[in-house]
Amino acid sequence: MKSKFVDTKPNIIFILTDDQDTELGSMNFMPKLKKYLQEAGTTFTNAYSTTPMCCPSRSSLLTGLYVHNHNVYTNRENCSSESWRATHERFNFGTYLNEAGYITGYFGKYLNGYRGQHIPPGWDEWMALIRNTRYYNYSLNHNGHIVRHRDSYKEDYLTDVITKNAIDFFKKTKQQHPNKPVAMVMSMPAPHGPEDSAPQYHSYFKNVTTHRTPSWNVAPNPDKQWLLQYLDKMTPLQQTFTDLTHIKRLQTLMSVDEAVDKIMEMLVRLDQLDRTFIIFTSDHGYHLGQFGMTKGKAMPYEFDVKVPFVIRGPKVPKNTTLPHIVLNIDIAPTLLDIAGLDPPSNMDGISFYPVIKREGSSGSRMGDDGPFCACCNSNNNTYWCMRTINKTHNILYCEFITGFRSYYDLNLDPFQQNTLCQLARD
Ligand SMILES: [Ca+2]
């Protein structure tokens, strides 16, 4: 790997939310994100997680590899395992950026199975959540020290702890190494359960029901896989549960919105805004009542696989939306490309930086015909899908482990309510 622009590497701030949807409307309730990232940058409207589950997706984000190449199949199977540590962990984008001269920092949720017993290679500053998402009463591995947090909002609220420490790290690094670029990950808990919002947001969004999309409580679905064939409509209690959960999720995102504001303020104050890329996305989407499923992820449908995706930075077109396809596996090679590095040839992902720079789509999947995605999933819901999005078609074809197959034309049926073929039943 060679560095092309040794002295002019931009800073990179990667903000990752946990389980944030686009299809239920969450992006419309984050005014700072809209103002500072969307209106000042580019939003990709066809951004997808190749495997819509926390640990597999996060392992792909870090390495640029499909699940079938890093072998982290579920949140338990191989998640942060010894085998993962021995084979793939070191080849994360942090290692490459670090080797190229970046001062790197990682803050927040890492992998669900992370027990806090090691610091992964590639990170100069390490402050990672041990185990799965919490907002209070959790432990962090902070540069090798286990730090226990309890339930005081001021001291312990995880989103704010991440924001504060990331900002302190950035400021300190720029003071000590003013000519070195910084790359940092802010891996937020929101809006993942247990959906504990900051106290000042407890009364927000009380009447918001944008999660009630056209597929909300549409059940049973005899044309879908076995789980949905037998899942009936939700009870009134379950319907109310989806309403309340949606509100609570939006409330938790307000602290992420606040973090965007604080990051912007810091970059302006340090005169670093013009030399910093900020990328905002989620590990996968979410459903709350779609096809009668009360809550969750892991399904091949749009609400679970589509993610928010916004980027701002030097020469990134402002107030722009692009339909080009971006996948979670594309993030690692794109970050390296932004840093002027050639992504390693074994990465499955493709840099989308040429599209942002308006240098065409050569070498990327953008505008290509044909499939782009092969997804596999947990044992009782395993499937592989092929997706095509281009100027004329928007198609999803899936094969389930039972032999069941489905086919959707999303131009005609954006909420995937009508399977166009059923070649086998399970
Ligand atoms: Ca997640």
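This is a predicted model: local features need pLDDT of at least 70, side-chain atom pairs count only at pLDDT 80 or more; totals for chains, interfaces and linings use all residues.
Please select strand 7, which covers residues 182–191. Pro-191 belongs to this strand, and a cis peptide bond joins Pro-191 to Ala-190, with omega at about -5 degrees. Next, select Ala-219 and Pro-220, which are also joined by a cis peptide bond; here omega is about -10 degrees. Pro-220 is located in the loop between strand 7 and helix 8, the latter spanning 226–230. Most peptide bonds are trans.

Select residues 10–340. An unreviewed UniProt entry places the feature "domain: Sulfatase N-terminal" at this range. Over these residues the chain is 33% helix and 20% strand.

Now select Cys-54, in helix 2, which runs over residues 54–63. The unreviewed UniProt entry gives the feature "modified residue: 3-oxoalanine (Cys)" at Cys-54. Is Cys-54 buried or exposed? Cys-54 is buried, because 26 other C-beta atoms lie within 10 Å, and 20 or more is the cut-off for that class. When neighbours within four places in sequence are left aside, the contacts of Cys-54 are Asn-75, Asn-112 and Asp-283.

Select Asp-19, in the loop that links strand 1 (11–18) to helix 1. Its phi is near 70 degrees, a positive value in a residue other than glycine. Asp-19 is buried, with 26 other C-beta atoms within 10 Å.

Continue to Phe-291, in the loop between strand 8 (276–282) and helix 10 (302–305). Phe-291 is likewise a residue other than glycine with a positive phi, near 50 degrees. With 23 C-beta neighbours inside 10 Å, Phe-291 is classed as buried. Most residues other than glycine have a negative phi.

Thr-294 can be selected in the loop between strand 8 and helix 10. Thr-294 counts as partly exposed, since it has 18 C-beta neighbours inside 10 Å. Residues up to four places away in sequence not being counted, Thr-294 touches Met-234, Gln-238, Phe-241, Thr-242 and Gly-289.

Select helix 9 (residues 236–269) together with helix 1 (residues 31–38); their axes are 7 Å apart and the packing angle is about 40 degrees. Helix 1 and helix 9 are therefore oblique to each other, and their crossing is left-handed. Which residues meet here? From helix 1 come Pro-31, Lys-32, Leu-33, Tyr-36 and Leu-37, and from helix 9 come Asp-257, Val-260, Asp-261 and Met-264. By class, this contact has six nonpolar, no polar and three charged residues.

Helix 7 and helix 9 pack at an angle of about 15 degrees, and their axes are 10 Å apart. These two helices are therefore roughly parallel to each other, as angles under 35 degrees fall in that class. Helix 7 passes helix 9 in a right-handed crossing. On the helix 7 side, the residues in contact are Thr-159, Asp-160, Thr-163, Ile-167, Phe-170 and Lys-171. They meet Ser-255, Val-256, Ala-259, Lys-262, Ile-263 and Met-266 in helix 9. Six nonpolar, three polar and three charged residues make up the contact of helix 7 with helix 9.

Asn-394 is in strand 12, which covers residues 394–400. How many other C-beta atoms lie within 10 Å of Asn-394? There are 19, so Asn-394 is partly exposed. Not counting residues up to four places away in sequence, Asn-394 touches Ile-389, Leu-410 and Asn-411.

Key. Residues are numbered from 1 along each chain as its sequence is written. Axes are lines fitted to C-alpha atoms, for helices over the stretch in contact, and angles run from 0 to 180 degrees between N-to-C directions. Helices (H or I, at least four residues) and strands (E, at least two) are DSSP runs, numbered from the N terminus. Angles under 35 degrees count as roughly parallel, over 145 as roughly antiparallel, 65 to 115 as roughly perpendicular and the rest as oblique. A crossing is left-handed if the near helix is turned anticlockwise from the far one by less than a right angle, and right-handed if clockwise. Two residues are in contact if their C-beta atoms, placed from the backbone, lie within 7 Å. Ala, Val, Leu, Ile, Met, Phe, Trp, Tyr, Cys and Pro count as nonpolar, Asp, Glu, Lys and Arg as charged, and the others, Gly among them, as polar. UniProt positions are given in the numbering used here, feature names are shortened, and annotations may be inferred rather than shown by experiment. A residue is buried if 20 or more other C-beta atoms lie within 10 Å of its own, exposed if 12 or fewer, and partly exposed in between; C-beta atoms are placed from the backbone.
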